[in-house]
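I opened this model to look up charge pairs, the domain interface and the ligand site. My notes follow in that order.

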Amino acid sequence: MSITLWGRRSSGNVQKVVWALDELELAYEHIELGGKFKGNDQADYLAMNPNGLVPTLRDGDLTVWESHAIVRYLSAEYGSGLLFPVTPRERAVVDQWTDWVATTFQLAWLPVFWLKVRTPLAQQDQAAIDKAVAASFKCFAIMDARLGVAPFLGGDQLTYADIVAGVAMYRWTTMGIAGPTLPNLTAWHARLNERAAFRKAVNVSYEELVGRLAF
Ligand SMILES: N[C@@H](CCC(=O)N[C@@H](CS)C(=O)NCC(=O)O)C(=O)O
């Protein structure tokens with residue numbers, strides 16, 4: 001099957017897919033799209049992804065959008081026993097964390113990125129930043145507690161839950177945020193950084209997004 005990924009590398013949601021593809025050592029074509037590359041408002045792209053957002057993945061005759069759905073699909077199709085635990089009981093824990101990232105963690109930390117990095121300096125609201133940072137640290141404390149009893153969010157090995165959560169770490173640790181030391185979270189980030197696929201996908205400059213609310 002031939003795999004194609006559409007989406008700019010500076011997108012955190014695209015980074016999840018790039019990391020999963022490389023972690024699974026899959027061959028694929030990567031087409032930069034959206035943001036400064038534009039193209040996501042074109043009819044041929046909207047026919048694949050009616051949201052006009054990135055990422056979108058095609059694998060043979062299958063087209064999928066929504067980063068978590070893509071990462072879960074790749075893990076199930078190509079990573080059984082690796083990124084995708086074999087038993088439903090193990091997968092329940094991985095899905096718990098994956099859904100928590102979508103419904104709770106991203107809603108906490110992404111506003112910090114938008115308020116502090118994407119909003120031009122002159123328009124920044126420090127009270128709003130402080131509130132979002134506090135909400136984020138509540139989530140990081142929950143992750144820290146989990147990572148105190150297991151090396152990865154899903155358990156003993158890296159799974160798609162770590163991928164969807166882990167893409168936050170480069171931005172979070174380079175945005176100039178002060179806060180409590182969370183040793184288990186820091187150790188997990190160090191473990192992720194040992195992986196070439198993580199470094200390539202996630203440790204990516206977001207310079208083009210600084211002060212830019214447009215996309
Ligand atoms: N829930 C979607 C969100 C997708 C999304 O918001 N993508 C952003 C980039 S992170 C986007 O396409 N922005 C417009 C652009 O890059 O031009 C997912 O997880 O895939």
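**Charge pairs.** I started with glutamate 32 and arginine 9, whose side chains meet in a salt bridge at 3.0 Å, N to O. I looked up where the two sit. Glutamate 32 is in the loop between strand 2 (29–31) and helix 2 (43–48), and arginine 9 is in the loop between strand 1 (3–6) and helix 1. The pair links distant parts of the chain, 23 residues apart. My salt-bridge rule wants a side-chain nitrogen of Lys or Arg within 4 Å of a carboxyl oxygen of Asp or Glu. Helices (H or I, at least four residues) and strands (E, at least two) are DSSP runs, numbered from the N terminus. I then searched the whole structure and got 6 salt bridges.

**Ground rules.** The model is predicted, so local features need pLDDT of at least 70 and side-chain atom pairs pLDDT 80 or more, while totals for chains, interfaces and linings use all residues. Residues are numbered from 1 along each chain as its sequence is written, and side-chain values use heavy atoms, with hydrogens and water left out.

**Domains.** I took domain 1 as 3–78 and domain 2 as 88–199; the bounds come from an automatic or database domain assignment. Their centres, over C-alpha atoms, are 22 Å apart. I found 15 residues of domain 1 in contact with 19 of domain 2 (heavy atoms within 4.5 Å). The two domains bury about 1,300 Å² between them, with 64% of it on carbon and sulfur atoms. Buried area here is the accessible area (1.4 Å probe) lost on putting two parts together, summed over both. Which three residues supply 50% of the area that domain 1 buries against domain 2? They are Trp19, His68 and Arg72.

**Across the interface.** I count 3 salt bridges between the domains. Glutamate 23 forms a salt bridge with arginine 195, with the closest N and O atoms 2.7 Å apart. Helix 1 (12–23) and helix 3 (67–78) each supply at least two residues of the domain 1 side. Helix 1 gives the largest share, 8 residues.

**Ligand.** I listed the residues with a heavy atom within 4 Å of the ligand; among them are Arg8, Ser11, Asn13, Glu66 and Phe215. Then I checked polar contacts (N or O atoms within 3.5 Å). A backbone N or O atom of glycine 35 lies 2.7 Å from a ligand oxygen. For valine 54, a polar backbone atom is 2.8 Å from a ligand oxygen. Asparagine 40 uses a polar side-chain atom, 3.1 Å from a ligand oxygen.

Definitions and conventions: Polar contact = N/O pair within 3.5 Å; in protein donor to acceptor, adjacent residues only side chain to side chain.
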